[in-house]
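These are my notebook entries on one structure. I record what I looked up and what I found.

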Amino acid sequence: MQFGRYFEEFDVGAVYKHWPGKTVTEYDDHLFCLLTMNHHPLHLDAHYAGETTDFGKNVVVGNYIYSLLLGMSVPDVSGKAIANLEVESLKHVKPTFHGDTIYGETEVLDKTPSTSKDDRGVVYVETRGYKQDGLIVCTFRRKVMVPKRSYGERRGGEQPGRPVPHE
């Protein structure tokens, strides 16, 4: 199974549909909030959310959804990356709630060979996250430095660093 892509394998306009999706639980949301010290009651306090918000229930913290989508995209986009260079934009379009299932896909918007090193290039992508009903909840654009095949071959091929079993 392929993990990531070399620069030559990206085509502008290609869309990678990440699989599988992930159903967001209350536990996932609360753990992420506690790990990142985001104690806003919108995410953690069901009574507060029910009594004082337009949604009437807890909203999943947006950075968890972003992180989830970023992780989903790794096998298709950045599994061979040399570096994530920038996140150009991040939009939380609609709220996500406990029990929603998130799916993602990434479109290649552009690719540019490096001008300083001939063994790599920069891929510009947009990732879209949507719920089980297809409603888009999050989008972000980023630039990823990925190796060309020559870079990978010099460093061990498809699974660099993997030991050879022996007795």
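Which residues is Tyr130 in contact with, leaving aside its neighbours within four places in sequence? I found Thr101, Ile102, Tyr103, Gly104, Glu105, Leu135, Ile136 and Val137; contact means heavy atoms within 4.5 Å.

**Entry 1: the source.** I note that this is a predicted model, in which local features need pLDDT of at least 70 and side-chain atom pairs count only at pLDDT 80 or more, while totals for chains, interfaces and linings use all residues. Residues are numbered from 1 along each chain as its sequence is written, and side-chain values use heavy atoms, with hydrogens and water left out.

**Entry 2: the sheet.** I looked up the strands next; helices (H or I, at least four residues) and strands (E, at least two) are DSSP runs, numbered from the N terminus. Five strands form an open sheet in the order E1-E3-E4-E5-E2, with antiparallel pairing. E1 and E2 are the edge strands, each pairing on one side only. Neighbouring strands of this sheet are turned by 20 degrees against each other on average, direction ignored; axes are lines fitted to C-alpha atoms, for helices over the stretch in contact, and angles run from 0 to 180 degrees between N-to-C directions. Two strands pair if DSSP finds at least two bridges between them. E2 and E5 pair in the antiparallel sense over eight bridges. I also noted that Val87 stands opposite Arg142 in E5. In general, strands of a sheet pair through backbone hydrogen bonds, either parallel or antiparallel.

**Entry 3: helix H4.** Where does helix H4 (residues 62–78) bend? The bend is at Met72, by about 40 degrees, and a proline, Pro75, follows within four residues. The bend at a residue is the angle between axes fitted to the seven residues ending there and the seven starting there. H4 lies across E1, E2, E3, E4 and E5, and runs at about 40 degrees to E5. The buried residues of H4 include Tyr64, Leu68 and Met72; buried means under 20% relative accessible area, exposed over 50%, and partly exposed in between (1.4 Å probe, protein chains only). Among the elements that the buried residues of H4 pack against are helix H1 (26–35) and strand E3 (101–113).

**Entry 4: aromatic pairs.** How many aromatic pairs does a search of the whole structure find? The search finds six. Rings of Phe, Tyr and Trp (its six-membered ring) pair if their centres lie within 6.5 Å; planes under 30 degrees apart count as stacked, over 60 as edge-to-face and the rest as tilted. Phe32 and Tyr64 form a tilted pair, 5.4 Å centre to centre with 55 degrees between the planes. This pair links distant parts of the chain, with Phe32 in helix H1 and Tyr64 in helix H4, 32 residues apart. Both Phe32 and Tyr64 are buried. The rings of Tyr103 and Tyr130 have centres 6.3 Å apart and planes at 25 degrees, so this pair is stacked. Tyr103 in strand E3 and Tyr130 in strand E4 are 27 residues apart. Ring pairs link Trp19, Tyr103 and Tyr130 into a cluster. Tyr103 counts as partly exposed because its relative accessibility is 25%.

**Entry 5: His43.** Is His43 buried or exposed? His43 counts as buried because its relative accessibility is 9%. His43 lies in helix H2 (residues 41–44). A polar atom of its side chain lies 2.6 Å from the backbone oxygen of Val59. Leaving aside neighbours within four places in sequence, the residues in contact with His43 include Asp29, Cys33 and Val59.

Notes. Polar contact = N/O pair within 3.5 Å; in protein donor to acceptor, adjacent residues only side chain to side chain.
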